[in-house]
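Biologist: Can we go through this one together? I would like to start with the ligand and then look at the helix packing.

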Amino acid sequence: MVRAARQGRARAPLRLVSTTMHDGMPTPFDPSRPANKQDKLLFTPGPLTTSLTTKQAAMRDLGSRDIEFMTLIREVCDGILAVAGLKADTHVTVPVQGSGTYGVEATVCSAVSKQSGALLLVANGAYGLRIRDICARHGIACTTLEYKDCEPPNLSDIEKALAADGGKHTHVAVVHSETTSGIINDIEGVGGLARAFGRSLIVDAMSSFGGLPIDFERANIDFLVTSSNKCVEGIPGFSLVIARKTALARCKGVSDSLVLDLHAQRAALDAGGQFRFTPPTHSMLAFRQALRELEQEGGVLGRERRYRANQQTLQAGMRELGFELYLPPHLAGPIITSYVYPKDKNWSFDTFYNRLNDRGFVIYPGKVTMAEGFRMGHIGRLFPADTTALLAAVKEVCKDMKILGHH
Ligand SMILES: *Cc1c(COP(=O)(O)O)cnc(C)c1O
C-alpha cells in the first residue's frame, strides 16, 4: 500500500514525501528559498507558506509547566504588543487555542453580553457575516449593516444607526482586511464613530495584523483579533486577541462558553502563568521565531513592502495575460487579489486550479458571496520571484486550456 502510494506520488512533478528529516538532520536554512523545497507554494488566505526556520523552531517538546514555556508565553504576548506598538500598562494579549475564528468567537461572546448588550456589525463579506452567525449561536443581539463584498461600508449609515439606537448597541464590529475580496475597510472611520457614541470597537484584523500598520488609538480599538498563521507567518494553532485592559476587565463573567472566555483565559495566565487547557506549545515556539523574522524584515512596514511587491508583480502579470480584477484597485489591499472568471468558453476553475496545483502552486476559490471568481494571496513566506514563477505557470495553463486567446 505504502509503496503503491509512493509510486503514485513519484509521478507528480513535485515530491510530496518529505525528505527533510530523512537522515534525521533538518535541511539547513537557505534564505534564498526559505520554504521547504518539496512543498507547494500557498497563494491562499491560509494555511500559508512559512519559513523553514519557523517550522524548525516547532521541533521541540516543552512541558506546559516548564519555566521555559512560561517564558515563551510571555515573550509571545509581549512580542505581539510590540508589533502593535502598544504598552503593557494599557493593553494585554490573550492567546486562544484554535484557528482565528476561535479568537473571534471568544471575543464576541466574552465582550458582548446577551443580557444587556448588543452588537452593531458592519459586514461586507463572508468573514463579517461569520460574526453574525457567532451572535446567533450565542443568542447575542446583533444588527448587521450589510454591504456587497466589492463595496466599502458607508460611514453615514453607521452614524445614523448609532445616533438612533438609544445606546442599545454596546459594541461595534468590523473586519479590517475582508479576505472574501481583499477589500480594506476604514477602521479609523468606524472607530471614530464608535468613540463619538461611546461604544466599544471589535476589529477582526486576522489577515492584516503584522502586514499593514494599525493605529489602535486612532481606530479606538478595544479588541483586535489575529491568528498565528496570517501576516506574522507562524504555523496554525492559536489566535491572539489584543485587548485594552479596561475593556477586558468588563468581560468578567460575560461569556456563556467555558473554553471561549477571554477574561478567564487571561486570568489563568496571570495567576499561574498557565493556559487553562493543553496549550499549543509547538505553534508558540514557531510563532516566537516568526516574530523574530518579522522584526528582521523591518517590522510591519518591511513586511507590507514585500506583500505590495508580490501584489504588483501578480497584478501586472495577470493583466498582461488577460485576467480582470474583481475589486476597483483603490479599494484593494495587498493581502489577497480577487479575479473574476474569464468569459471564455474553455474556462473551468477546476481545471485551472488542478493544473496549477500539479505545477506546485495552490490558489483559492472565491467565497460564496462573491461573484464567480478566484483569489490569489500575497501573504506568507512568498516573494516576488515566487509570484513570477506562479505567473509562468498560469501562462502555461492558459495555453493548455486555450483560454484568453493563448495558444
Ligand atoms: C483567516 C481569517 C479568519 C479566520 O479564519 P480561520 O479559518 O478560523 O483561521 C477570520 N477573519 C478573516 C478576515 C480571515 O482572513
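Predicted model: local features only at pLDDT ≥ 70, side-chain atom pairs only at ≥ 80, totals over all residues.

Biologist: Which residues surround the ligand?

Modeller: The surrounding residues are S99, G100, T101, Y127, R130, V175, S177, T179, D204, M206, S207 and K230.

Biologist: How far is the polar side-chain atom of S99 from an oxygen atom of the ligand?

Modeller: For S99 that distance is 2.6 Å. T101 also places a polar side-chain atom by a ligand oxygen atom, at 2.5 Å.

Biologist: And D204, which kind of ligand atom does its polar side-chain atom lie 2.7 Å from?

Modeller: A nitrogen atom of the ligand.

Biologist: On to the helices. At what angle do α3 and α11 cross?

Modeller: Helix α3 spans residues 67-84 and helix α11 spans residues 281-296; their axes cross at roughly 40 degrees and come within 10 Å. Angles under 35 degrees would count as roughly parallel, and α3 and α11 are therefore oblique to each other.

Biologist: Is that crossing of α3 and α11 left-handed or right-handed?

Modeller: The α3 and α11 crossing is left-handed.

Biologist: Which residues meet there, in α3 and in α11?

Modeller: From α3, the residues are F69, L72, I73, E75, V76, G79, I80 and V83. Their partners in α11 are T281, M284, L285, F287, R288, L291, R292 and L294. By class, the α3 and α11 contact has 11 nonpolar, two polar and three charged residues.

Biologist: Now the other pair, how do the axes of α12 and α14 cross?

Modeller: The axes of α12 (residues 299-321) and α14 (residues 384-401) come within 8 Å, with a crossing angle of roughly 20 degrees. That makes α12 roughly parallel to α14. The crossing of α12 and α14 is right-handed.

Biologist: What does α12 bring to the contact with α14?

Modeller: A309, N310, T313, L314, G317, M318 and L321 of α12 meet P384, T387, T388, L390, L391, V394 and K395 of α14. The α12 and α14 contact divides into eight nonpolar, five polar and one charged residues.

Biologist: Backbone next. Where is the cis peptide bond?

Modeller: The cis bond is between G46 and P47, with omega about -5 degrees. P47 sits in the loop between β1 (41-42) and α2 (52-57).

Biologist: What is phi for K402?

Modeller: Near 55 degrees, which is positive, and K402 is not a glycine. K402 belongs to the segment after α14.

Notes. Residues numbered from 1 in each chain as written. Heavy atoms only, no water. Axes fitted to C-alpha atoms, helices over the stretch in contact; angles between N-to-C directions. Helix = DSSP H or I, 4+ residues; strand = E, 2+ residues; numbered from the N terminus. Parallel < 35°, antiparallel > 145°, perpendicular 65-115°, else oblique. Left-handed = near helix turned anticlockwise from the far one by under 90°. Contact = heavy atoms within 4.5 Å. Nonpolar A, V, L, I, M, F, W, Y, C, P; charged D, E, K, R; others polar. Near = heavy atom within 4 Å. Polar contact = N/O pair within 3.5 Å; in protein donor to acceptor, adjacent residues only side chain to side chain.
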